[in-house]
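Please open the model in your viewer and keep the selection tool ready. The stops below go from one pair of side chains to the whole chain.

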Amino acid sequence: MAHSNETEFKAVTDSWGNLDVAFYEAEAMKLRNQYLRSLILNGLASAKETVVSWFSAPSRTHSA
């Protein structure tokens, strides 16, 4: 019994009908750049939190 697939893969082809490798390389580059951008932004946010925690004064409590 075959399963029905809601999304069907359509390959991108060049003018000769061959798989368009350049298209998939460009898509891979976009995905890699998005990943690296998010990795860098998350790293910067983490570094900012670390630096802020170094220079923030601890809350003082008065002991009785």
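Select Lys-30 and Glu-27, whose side chains meet in a salt bridge with 3.2 Å from N to O; the term stands for a side-chain nitrogen of Lys or Arg within 4 Å of a carboxyl oxygen of Asp or Glu. Lys-30 and Glu-27 are three residues apart in helix α1, and so are separated by about one helical turn. Lys-30 counts as partly exposed at 48% relative accessibility, and Glu-27 counts as partly exposed at 28%, where buried means under 20% relative accessible area, exposed over 50%, and partly exposed in between, with a 1.4 Å probe and protein chains only. The structure holds one salt bridge.

This is a predicted model, in which local features need pLDDT of at least 70 and side-chain atom pairs count only at pLDDT 80 or more, while totals for chains, interfaces and linings use all residues. Residues are numbered from 1 along each chain as its sequence is written, and side-chain values use heavy atoms, with hydrogens and water left out.

Next, select Phe-23 and Tyr-24. The structure holds one aromatic pair. Because the rings of Phe-23 and Tyr-24 have their centres 5.1 Å apart and their planes at 80 degrees, the pair is edge-to-face; rings of Phe, Tyr and Trp (its six-membered ring) pair if their centres lie within 6.5 Å, and planes under 30 degrees apart count as stacked, over 60 as edge-to-face and the rest as tilted. Phe-23 is partly exposed at 32% relative accessibility, and Tyr-24 is partly exposed with a relative accessible area of 29%.

Then move to Tyr-35, which has its place in helix α1, residues 21–55. Helices (H or I, at least four residues) and strands (E, at least two) are DSSP runs, numbered from the N terminus.

Finally, show the whole chain, whose secondary structure comes to one helix and zero strands. Of its 64 residues, buried ones make up 0%.
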